[in-house]
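Here is a brief report on one chain and its fold. Please have the sequence and coordinates open while reading.

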Amino acid sequence: VLGFPCNQFGNQEPGSNAEILEFATSTYGVGFPMFAKIEVNGDGAAPLYQFLTSSKADEDGNTEIAWNFTKFLVGPDGQVMERFGPMVTPEDIAAHIAAL
């Protein structure tokens, strides 16, 4: 699991990278790597998210990220295997990971 904070959704991540990391670790016990805040949609979308979203649309065929906590499962070969909506938990994805 890798975390990429983004403030494009309801101003949920207005703080600095350090503030976001402190909040995530102290409030939610996040232990996975958290990267610097990025944009995931639009002209300023980070190259990683340009790749992820162009590789796998959501269940409605939309390529843009609709809300925070959208998840992508990337295989050992770097190809996007699955895309999961915000309400899908990492535990829900465990079987998909195990199948790799």
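In this predicted model, 45% of the chain's contacts with a separation of 6 or more come from residues 24 or more positions apart. Contact means heavy atoms within 4.5 Å. Numbering starts at 1 along each chain as its sequence is written, and side-chain values use heavy atoms, without hydrogens and water. Since the model is predicted, local features need pLDDT of at least 70 and side-chain atom pairs pLDDT 80 or more, while totals for chains, interfaces and linings use all residues.

**Overall fold**

The chain has three helices and two strands. These elements are DSSP runs numbered from the N terminus: helices are H or I with at least four residues, strands are E with at least two. Along the sequence they follow the pattern α-α-β-β-α. The chain's radius of gyration is 14 Å, close to the 13 Å that the globule rule gives for 100 residues, so the chain is as compact as a globular protein of that length. That radius is taken over C-alpha atoms, and the rule is 2.2 Å times the number of residues to the power 0.38. Along the principal axes, the C-alpha atoms fill a box of roughly 35 × 30 × 25 Å. Of the 100 residues, 29% count as buried. Buried means under 20% relative accessible area, exposed over 50%, and partly exposed in between, with a 1.4 Å probe and protein chains only.

Helix 1 covers residues 17-28, 12 residues in all. Its first and last C-alpha atoms are 16 Å apart, close to the 16 Å expected at 1.5 Å a residue. The expected span is 1.5 Å times one less than the number of residues. Gly29 follows helix 1 and has a positive phi, near 65°.

Strand 1 (residues 71-74) and strand 2 (residues 80-84) run antiparallel, joined by four bridges. Strands pair if DSSP finds at least two bridges between them. Val74 has Val80 in strand 2 as its bridge partner. Five residues lie between the strands of this hairpin, and Gly78 there takes a positive phi near 90°.

**Core and ring pairs**

Which residues make up the largest nonpolar core? It has 10 residues: Cys6, Phe9, Ile38, Val40, Ala46, Tyr49, Leu52, Ile65, Phe72 and Val80. Such a core is a set of buried Ala, Val, Leu, Ile, Met, Phe, Trp, Tyr and Cys residues joined through side-chain atoms within 4.5 Å. In soluble globular proteins, nonpolar side chains tend to be buried together.

Ile38 lies in the loop between helix 1 and helix 2. Leaving out residues up to four places away in sequence, Ile38 touches Phe4, Pro5, Cys6, Asn7, Ala46 and Tyr49. The C-alpha atoms of Ile38 and Pro5 are separated by 6.3 Å, although the two residues are 33 apart along the chain. Cys6 is in contact with Glu13, Lys37, Ile38, Glu39, Val40 and Asn68, again apart from neighbours within four places.

The whole structure holds five aromatic pairs. Rings of Phe, Tyr and Trp (its six-membered ring) pair if their centres lie within 6.5 Å; planes under 30 degrees apart count as stacked, over 60 as edge-to-face and the rest as tilted. Two of the pairs are set out here.

| Pair | Centre to centre | Angle between planes | Type |
|---|---|---|---|
| Phe4 and Phe35 | 4.7 Å | 15° | stacked |
| Tyr49 and Phe72 | 6.2 Å | 80° | edge-to-face |

Phe4 sits in the segment before helix 1 and Phe35 in the loop between helix 1 and helix 2 (47-55), 31 residues apart. Phe4 is partly exposed at 22% relative accessible area. Phe35 is also partly exposed, at 39%. Tyr49 lies in helix 2 and Phe72 in strand 1, so their pair ties together parts 23 residues apart in sequence. Tyr49 is buried at 10%, and Phe72 counts as buried at 17%. Ring pairs link Phe4, Phe35, Tyr49 and Phe72 into a cluster.

**Positive phi outside glycine**

Asn11 lies in the segment before helix 1. Its phi is positive, near 55°, in a residue other than glycine. Asn11 is exposed, with a relative accessible area of 51%. Phe69 lies in the loop between helix 2 and strand 1. Phi of Phe69 is also positive, near 75°. Phe69 counts as exposed at 58% relative accessibility.
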